[in-house]
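Please consider them alongside the sequence and the coordinates.

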Amino acid sequence: MKPLAITQGDPAGIGPEIVAKAFRDAPADLVGCFVVGDVATLRRAAQAIVRPGVPMVPVAQIAAPADVLDMPPRCVPVLQLPGIPGPQPWGQIGAAAGRAAADSVVWAARAALRGEVAGLVTGPLHKEALAAAGVAFPGHTELLQAEAVAHQGVSLAQMPVRMMLASDELRTVLVSIHMSLRDAIAAVTTDNVLQTLQITHAALVRSLGRAPRIAVAGLNPHAGEGGLFGNEEAEVIAPAIAAARAQQLDVQGPFAPDTVFMRARSTPHRAGEFDVVIAMYHDQGLIPVKYLGVDKGVNVTLGLPLVRTSPDHGTAFDIAGQGIADAASLIEAVRMARTLCG
């Protein structure tokens, strides 16, 4: 099995310390994983999580991904990137921190595209720090898409991507990702909704081993209430659903956004009606999953020729360096990446 790369994330945030915690607390899940980033940054993070009665987490520099096979449990293997900025002040937005985060993502993405690693799990980065560093992309998804299209020599239009947030209770996929709400509403077109349905179907067929049951949320309150609160459901979303059904996709909707996520939720006592909900914009889809538990959610990029997962939280600058950040979502992201790579 090929190694799995974990990017360190923004060095001013909680990324490095949750990585260190994951290696310490879930050694079986982290077998075959290594960190892409800066050794000194990870050593500082390992020091930050030291507690009485808890063993220190060693950090070892490796020369190549294959070296992880020789690593003992609970040791953090780090592939040191040349020229990457080192430790940055905790909790501060900075260009150097943004550059360090971006460099680790770019290296891991290119390694995955070359087939040198099985996939990547990305630590949280800060969008303002990326911008300060002059990175021309607002987040992981767009940066990874740019790397993939450059590698394959195609245009952005030829490799559409979507963001899925998933937990053991709920999955949701977004029609649009990081844009203003005004722009996101404009992005609700029949073509974009249909493309989202196609990408979601293809991705979940691979992971579920069967055709997914897809629900589509409306854009407006009560899914437009028959046109009283808007016409997008009838004029834009419904035609996309009809086109998807004509392609034999199992799609239903549009449903009222304030109830469809409850219908799709799976619990130990009741299976959800749907495997995934298509949300029309970022917050509509992410709030329900995060409300059920940030520690359980995993961000998955769909449509790329590589496996990428991430914890569903941010850099948490307010608690960075205190050793109290929860590594559960990162551990879940590693587990999901392993499943998708399999």
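1. Phe-255 has a relative accessible area of 17% and is buried (buried is under 20% relative accessible area, exposed over 50%, partly exposed in between, with a 1.4 Å probe and protein chains only). Phe-274, at 4%, also counts as buried. The model is predicted: local features need pLDDT of at least 70 and side-chain atom pairs pLDDT 80 or more, whereas totals for chains, interfaces and linings use all residues. Residues are numbered from 1 along each chain as its sequence is written, and side-chain values use heavy atoms, leaving out hydrogens and water.

2. Two aromatic pairs are counted (rings of Phe, Tyr and Trp, the last by its six-membered ring, pair if their centres lie within 6.5 Å; planes under 30 degrees apart are stacked, over 60 edge-to-face, the rest tilted). Phe-34 and Trp-107 form an edge-to-face pair, because their planes stand at 85 degrees, with ring centres 6.2 Å apart. Phe-34 belongs to strand E2 (residues 33–37) and Trp-107 to helix H3 (residues 95–113), so the pair ties together parts 73 residues apart in sequence (helices, H or I of at least four residues, and strands, E of at least two, are DSSP runs numbered from the N terminus). Phe-34 is buried at 0% relative accessibility, whereas Trp-107 is partly exposed at 23%.

3. The rings of Phe-255 and Phe-274 have centres 5.5 Å apart and planes at 40 degrees, so this pair is tilted. Phe-255 lies in strand E9 (residues 251–255), while Phe-274 lies in the loop between helix H9 (257–264) and strand E10 (276–279).

4. Two arginines lie over ring faces: Arg-263 over Phe-255, at 4.5 Å from the ring centre, and Arg-44 over Trp-90, at 3.7 Å. The criterion is NZ of Lys or CZ of Arg within 6 Å of the ring centre and within 35 degrees of the ring normal.

5. An open sheet of 12 strands with mixed pairing has the order E3-E4-E2-E1-E5-E12-E11-E6-E7-E10-E8-E9 (strands pair if DSSP finds at least two bridges between them). Its edge strands are E3 (59–62) and E9, each pairing on one side only. Strand E8 (residues 214–217) runs parallel to E9 and is joined to E9 by three bridges. Ile-214 stands opposite Val-251 in E9.

6. Helix H11 (residues 328–341) packs on the sheet, touching several strands, among them E1 (4–7), E2 and E12 (308–311) (contact means heavy atoms within 4.5 Å).

Definitions and conventions:
Axes are lines fitted to C-alpha atoms, for helices over the stretch in contact, and angles run from 0 to 180 degrees between N-to-C directions.
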